[in-house]
Amino acid sequence: MNKKNNEAAPGLFGDSLPPPAPAKKSGLLAFSYSKMSLYEECPLKYKFKYIDKIKEEPKFYFAFGNSIHTALEFLYSVKAPPFPSLEETLEAFKKDWGRKSYLEKGYRTPQKAEDDCRKGLAMLTAYYEHNRAGFKPPFLVEYSTDVEVDGLLVRTISDRIEHLGGGEIVIIDYKTGKDVKRQPLQLYMYQKISEMDPRLKEKIAETYGQRVSSVKVRQLLYYHVPTLKEYPFERAGDKEIGGFWERVLGVAESIKGLKFEPTPADQACSWCDYKSLCPAFFGGHPHPAASQPASTENIEALVDRYGQLKEKMDDLQVQLNAVAESLGRAAKDGGEYAGSQYTAQVKKNSKWEFGNREAVISVLNKFDLYQKALSLTLTGITGVLESVDLPEEARKKLLEQAVKKTATEIKIVKKEGLI
Ligand code: SF4
């Protein structure tokens, strides 16, 4: 993953890839690993995103991953020591973090964004302390390249590349999401493209004064920043790269052949922003005709889906309550207000609440009002409190036990012509 890459498997902080650049030469299909994985997840989702260019909602895990990558890019962008201090590195993270509001980053509440900001600072501090003894200027950081191969213009953006000498390199890809078992397929793409990339040889000559006849990947590495764990892979053999490349060409052929049939699945659909446009998604679930029959195998997915929706609903309820409270404070009772898309009728209902039952009984007894309260119902006591002939002293004592609460009722209507 790299900081400019912000699409891909949901649920993983920033483990994503950005919209690849359009093909620079006619007839070439602009391609990347993220395009391939999105197509394999659901061809229709790919079409919505890349062909129809319909924007997705911002995702907080991409925002988080991007800011971590920006800070690490800042840390390693030195030609010679000294490296930036920890404070400067954290400042680079905060600066990038502050460029967007919590909503623009995809968080539902400012609190969640602040929690992640703190998490990011702690993560970078741990990374810095763990690696500071071994800091050395890297060969390349956030190296982006487009290589033409088999009718494709393939883009890779490597987080960090180390040169071991003689044209041998190590490619490092930071991961900031969950610590899950990852296949090295993305790294196969980096290996294939790096070894074909003529610019890398030039960069080696520029940086180290060495003329090399070829570039060879010695090792590929996922670095999981939250746990400081390294997941190294030896260079892939011809068989692995050949099999992987067949898969790449198969996906590219399908895209060129405009094959965009939806492939609904609980997990993919639950993260998909295009549900409202998708004919295969129906009433909150993949269309019954297209979905798998319920089985023990998909109970785990259903449990996760239920949990995710419940969490989303709870978050929304908190937001709804907060907005209703603000609207209630700003609006007048009986008022009607218009936004650009909705109108709202606001009605306020006030009522007394009495916290201490014993104290209320004692006041009623003292002033001989018990009968008037009609067996101590809330309506009865409120009636006593609001009656005009109530002695002032009794009213004062009852008010000491009472709190006036106002409930706001909001009726929302969508304006005509809006869907
Ligand atoms: S809702 Fe599901 S089937 Fe439809 S585009 Fe999204 S992932 Fe594909």
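## Salt bridges in the predicted model

The model contains 21 salt bridges, a salt bridge being a side-chain nitrogen of Lys or Arg within 4 Å of a carboxyl oxygen of Asp or Glu. The structure is a predicted model, in which local features need pLDDT of at least 70 and side-chain atom pairs count only at pLDDT 80 or more, whereas totals for chains, interfaces and linings use all residues. Residues are numbered from 1 along each chain as its sequence is written, and side-chain values use heavy atoms, with hydrogens and water left out.

## The network around Asp-315

Arg-108, Lys-112 and Asp-315 are linked in a network of salt bridges. Between Asp-315 and Arg-108, the closest N and O atoms are 3.1 Å apart. Asp-315 belongs to helix 11 (residues 299–330) and Arg-108 to the loop between helix 5 (102–105) and helix 6 (110–131), so this pair ties together parts that are 207 residues apart in sequence. Helices (H or I, at least four residues) and strands (E, at least two) are DSSP runs, numbered from the N terminus.

The salt bridge between Lys-112 and Asp-315 has an N to O distance of 3.6 Å. This pair links distant parts of the chain, with Lys-112 in helix 6 and Asp-315 in helix 11, 203 residues apart. Asp-315 is buried, with a relative accessible area of 13%, while Arg-108 is partly exposed at 32% and Lys-112 is partly exposed at 34%. Here buried means under 20% relative accessible area, exposed over 50%, and partly exposed in between (1.4 Å probe, protein chains only).

Asp-116 and Lys-119 form a salt bridge in which the closest N and O atoms are 3.6 Å apart. Both residues lie in helix 6, three residues apart, about one turn of the helix. An α-helix has 3.6 residues a turn, so residues three or four places apart point the same way. Asp-116 is buried at 9% relative accessibility, whereas Lys-119 is partly exposed at 34%.

Helix 2 (residues 43–51) is largely enclosed by the rest of the structure, because seven of its nine residues are buried. The buried residues are Pro-43, Leu-44, Lys-45, Tyr-46, Phe-48, Lys-49 and Tyr-50. Their cover includes helix 1 (33–41), helix 9 (238–256) and helix 10 (266–270). Just after helix 2, Lys-53 adopts a positive phi of about 55°.

## The ligand shell

The ligand is surrounded by Cys-42, Lys-45, Pro-262, Pro-264, Cys-269, Cys-272, Lys-275, Cys-278 and Phe-281; a residue is near a molecule if one of its heavy atoms lies within 4 Å of it. By class, this shell holds seven nonpolar, no polar and two charged residues. Ala, Val, Leu, Ile, Met, Phe, Trp, Tyr, Cys and Pro count as nonpolar, Asp, Glu, Lys and Arg as charged, and the others, Gly among them, as polar.

## His-163 in strand 3

His-163 is found in strand 3 (residues 152–165) and is buried, with a relative accessible area of 13%. A polar atom of the His-163 side chain lies 3.0 Å from the backbone nitrogen of Gly-167. Leaving aside neighbours within four places in sequence, His-163 is in contact (heavy atoms within 4.5 Å) with Phe-139, Glu-168, Ile-169, Ile-204, Tyr-208 and Gln-210.

Conventions:
Polar contact = N/O pair within 3.5 Å; in protein donor to acceptor, adjacent residues only side chain to side chain.
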